[in-house]
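Dear colleague,

Please find below the structure that I am handing over to you. My findings follow it, grouped by topic.

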Amino acid sequence: MNTTVHPASNYSCFSINKPPFLKSSIAAVQYSSTFAALGLTSNLIAFIVLLKSFQRVQSRSRSFFLIFLGGLVVTDFMGLLVTGSIVISFYITQFSWPDIDPYCHFCNFMGMSMVFYGLSPLLLGATMAIERFIGINRPFARSTSMPKSRTVSMVLMVWLIAGCIALLPLVGLGSYHLQMPGSWCFFNISSEGYDMAFSLIFSLVGLISIAVSFLLNTVSVITLIRVCCGQDRSQRRRDHEVEMMVQLILIMLIASICWCPLLIFIAQTVLSGKSLQVKYLLLWLRFATCNQVLDPWVYILFRRAVFQRVYPRFGSSRGSIMTLYPSFRDTVRRFTRSSLGSNLGSDQTEEKEDSNVRPEPASKPPPASL
């Protein structure tokens with residue numbers, strides 16, 4: 001008696017979680033559609049806001065930071081567009097993966113997309129933390145004449161690194177598989193062989209990126225507080241520095257809250273040798289995808305222009321503590337004088353870039369006629 005074997009049975013992406021799965025509910029379709037639409041709209045608004053800010057910006061350090069933010073917005077937008085389109089198409093059509101993708105090309109593409117668009121924001125966050133650390137703590141190490149194309153090259157390099165990691169399962173280090181409930185593909189989270197190695201690579205790269213961001217951002221914030229409390233000059237430049245650091249800290253916090261549960265869960269699963277608990281994988285994966293929706297609202301809401309519209313006196317109330325308490329101001333200056341030597345030169349250099357209008361020297365009054 002002849003038995004027909006489905007072509008997909010010869011390929012590894014269907015060997016662990018074999019379709020067909022249970023049909024998805026209407027609630028899953030509505031959730032995925034609403035989530036994708038909200039994320040795409042948020043990132044599109046954020047991109048428009050960043051584009052307008054980039055056209056008006058005069059500070060070189062601020063323009064570098066906006067390029068990184070633009071790369072992050074593009075990454076989040078494309079990640080939602082690519083993966084969301086596949087998931088929603090599955091929920092609407094209920095297509096059979098083995099029938100439309102017998103050779104696992106489509107499944108491998110989605111698995112690569114999940115890894116690439118997952119690691120890229122974390123790596124970009126660490127790169128932004130490094131750039132701000134150098135700009136605040138080592139101002140002379142970064143040339144003031146560095147072209148903006150170099151920042152674009154750094155964003156492209158981050159994408160290249162994330163892309164190379166996503167390609168590892170295609171060369172034998174790990175493997176992509178169809179995951180329950182059958183709407184998506186991801187790498188096999190297992191404690192065996194190359195699957196364990198790739199699972200640890202993905203988890204450790206993400207956790208190290210978050211740790212680097214936390215460490216460097218903490219140092220940068222401490223240095224920025226010392227600089228702002230130590231002198232009263234070039235306040236406008238420091239406002240830009242504070243704005244960038246607030247946005248960067250919020251990006252780091254959102255990434256940590258959204259991604260750490262999934263990354264830690266993957267590491268614990270492969271190191272303990274326990275079987276994969278699908279319900280927790282789906283739960284922490286949804287937490288991780290929230291990062292792509294929450295990130296753009298950092299750029300939309302946490303800007304000085306927004307604060308000044310909500311609280312008009314925000315711009316005029318700066319430095320009130322230093323003005324009201326001169327003794328405290330002198331104490332802070334003496335305490336931080338030793339740490340300001342390498343930063344004051346940068347303040348004077350970039351102050352010229354941040355403002356086109358310099359205060360005119362007070363003209364002497366004409367002598368009174370006798």
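In what follows, a residue is called buried under 20% relative accessible area, exposed over 50%, and partly exposed in between, with a 1.4 Å probe and protein chains only. The model is a predicted one, in which local features need pLDDT of at least 70 and side-chain atom pairs count only at pLDDT 80 or more, while totals for chains, interfaces and linings use all residues. Residues are numbered from 1 along each chain as its sequence is written, and side-chain values use heavy atoms, with hydrogens and water left out.

Overall architecture

The protein has twelve helices and two strands; these are DSSP runs numbered from the N terminus, with helices being H or I of at least four residues and strands E of at least two. Read from the N terminus, the order of elements is α-α-α-α-α-β-β-α-α-α-α-α-α-α. Of the 370 residues, 45% are buried. Taking contacts (heavy atoms within 4.5 Å) between residues at least 6 apart in sequence, 81% join residues at least 24 apart. The protein exposes about 19700 Å², of which carbon and sulfur atoms supply 66%; accessible areas come from the Shrake-Rupley method with a 1.4 Å probe, and for residues only the protein chains shown count as cover.

C104 lies in the loop between helix 3 (97-100) and helix 4. Its phi is near 70°, a positive value in a residue other than glycine. Most residues other than glycine have a negative phi. With a relative accessible area of 4%, C104 is buried.

Helix 4 (residues 105-137) packs against helix 5 (residues 148-167) at an angle of about 140°, their axes being 8 Å apart. Axes here are lines fitted to C-alpha atoms, for helices over the stretch in contact, and angles run from 0 to 180 degrees between N-to-C directions. On the helix 4 side, the contact includes M112, F116 and L123, and on the helix 5 side it includes V155, W159 and G163. The crossing of helix 4 and helix 5 is right-handed, that is, the near helix is turned clockwise from the far one by less than a right angle.

How many salt bridges (a side-chain nitrogen of Lys or Arg within 4 Å of a carboxyl oxygen of Asp or Glu) does a search of the whole structure find? The search finds one, joining the side chains of R132 and E131 at 3.1 Å, N to O. Both R132 and E131 are buried.

Two serines of helix 6

Helix 6 (residues 193-230) contains S199 and also S220. S199 is buried at 0% relative accessibility, and S220 is likewise buried, with a relative accessible area of 0%. Leaving aside residues up to four places away in sequence, S199 touches F187, N188, I189, S190, I266 and V270. With that exclusion, S220 touches R132, F133, I136, N137 and M245. S220 and N137 are 83 residues apart in sequence, yet their C-alpha atoms are 6.7 Å apart.

A nonpolar surface patch

V242, V246, W297, L301 and F302 form a nonpolar patch on the surface, with about 370 Å² of accessible area together. Patches are made of residues with over 30% relative accessible area and no salt bridge, like charges being joined within 9 Å and nonpolar side chains (Val, Leu, Ile, Met, Phe, Trp, Tyr) within 5 Å. Helix 7 (235-272) and helix 8 (278-301) each supply at least two of the patch residues. W297 belongs to helix 8 and is partly exposed, with a relative accessible area of 33%.
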